[in-house]
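Hello,

Here is the structure we talked about. Please open it alongside this note; the findings follow below.

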Amino acid sequence: MPTDVEAVSDSPGFPSEVDVVVIGAGIVGVSTAYELARKGVSVALIDKGIVGGEQSSRNWGWVRQQNRDPYELALAMYSLQRWEQLGPELGRDLGFRRAGILYCTRHQADLDRWEKWGAAAREQGFHSQILTASEMKKRSPLSSSSWLGGVWSPTDGKAEPSLAAPAMAEGAKQIGVSLHQNCAARGLEITNGRVAGVWTEHGLIKASAVVCAGGAWTSRFCRHHGIDLPAANIGGTALQTTAAPDVLGAGCAHVSDLALRRRIDGTYTLAIPGRGTVSIAPQGMRYATKFYQMYRSKIAKKLKYRLNGSFWNGPEAWGGWDNDQVSPFEKIRILDPAPDAQLVKQALITAVKEFPALGGIGVARSWGGMIDTSPDLIPVISKVDKVAGLVIASSFSGHGFGIGPGAGRLASELALDEDPFVDPAPYRLSRFSDGSAIRPAEMM
């Protein structure tokens, strides 16, 4: 696997019964398990592969509030606070730094949109700064572009994907979470319409509640039980540069159709925003009508569409299995799509063109990831009407890393039937089946 993620050891023994099973040890799953354990709940955290092995170690590492959809802003604001608390609380470095995020533009329409968004965000307590051309030059003096303006969010931050989920998993273990990697969840044990446990490749774990945070695999797991979770998995590409000087004046920046994050080791993570690949597969065909609006939007113009092996094997394929049989989740322990070489090349060229001081940098590594995406780009953090005791935390549309701590808290509260700290209605699964219009995403 091309990403560099810290190893975490499994807990001793294998539980036969717990209060809650959490499926998936990415950032959302480990956050959920940790928050549950803090409440004194017994938790088993299981993953078909390793902690943070898929998208949680393959994302950009941005932790932002700026330009969130209004429905996500409350989660993002809480998550920023939680990111800051978690390092000291766990006694581990997650790579989190409040280093600010800078967006640059040459277009008045962008400035108008950011200004309008900022006015609404201030009502929720978030403040960012619209910058003039002269202010942009002072903020980013090493940029070769003459920007019309920008937006600066000084309280936003960044974290290291290779460190974050493993650190949180280790912290969760210390307060009682039972962690088991290379342990696929094959299906649910359901009694009288209610969760009674999870069948794994190592046997049954009895539980009265289950949180499924399986990323790109969640929709297929749900279909195994007749639950429709409309999702599209979009393949993304990112890269890590060789060591380079600090040219940003911020922790992260969006310039010239390029996203950059200064890493704590003196390198950069680069990516081309919005570019990716959609595999033509049965899951996409099943939910195509739900994504009609998205596929007609400007978002779709940046995507490539491919027919490949995912049609027959992987998270978007079809076909069933019994809980005592080898499942699709055991056949692919770590989803590791190939990076798009063209995007890697384009990102490096754009970075050097925009920041000449980066001349001579190279690609230390590049990787692909699979981004589980909802039709409205808002996550699903929801109870499931069809199966009592089941909570889904998925379809984060590329935002799961940053809002992971908040999502984990909300998922834990739903699993325990507690009053949620934010309104869960925007994240309900039923919005895709109760006749509600699929709203276009705002900002994001």
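**Val380 and its surroundings**

Setting aside neighbours within four places in sequence, Val380 touches Leu229, Ile392, Ala393, Ser394, Ser395, Tyr427, Leu429, Arg431 and Phe432. Keep in mind that this is a predicted model. Val380 sits in strand β20, residues 380-383. Val380 counts as buried, because its relative accessibility is 0% and the cut-off for buried is under 20%. Leu348 is another matter: Val380 and Leu348 are 32 residues apart in sequence, and their C-alpha atoms are 34 Å apart in space.

**The cores**

The largest nonpolar core has 50 residues. Trp83 and Ile381 have the most contacts inside this core. Several elements each supply at least two of its residues, among them β1 (20-23), α1 (27-38), α2 (70-90), β21 (390-394) and α11 (400-415). A second, separate core has 33 residues, including Val21, Val210, Trp217 and Ile332.

What does Trp83 contact, leaving aside its neighbours within four places in sequence? The partners are Ile27, Val63, Leu94, Phe96, Ala159, Ala164, Phe401, Gly402 and Pro405.

In soluble globular proteins, nonpolar side chains tend to be buried together. Tyr305 belongs to strand β18, residues 303-306. Tyr305 is partly exposed, because its relative accessible area is 35%, between the 20% and 50% cut-offs.

Best wishes

Methods. Residues numbered from 1 in each chain as written. Predicted model: local features only at pLDDT ≥ 70, side-chain atom pairs only at ≥ 80, totals over all residues. Heavy atoms only, no water. Helix = DSSP H or I, 4+ residues; strand = E, 2+ residues; numbered from the N terminus. Buried < 20%, exposed > 50% of the residue type's maximum accessible area, 1.4 Å probe, protein only. Core = buried A, V, L, I, M, F, W, Y, C linked by side-chain atoms within 4.5 Å. Contact = heavy atoms within 4.5 Å.
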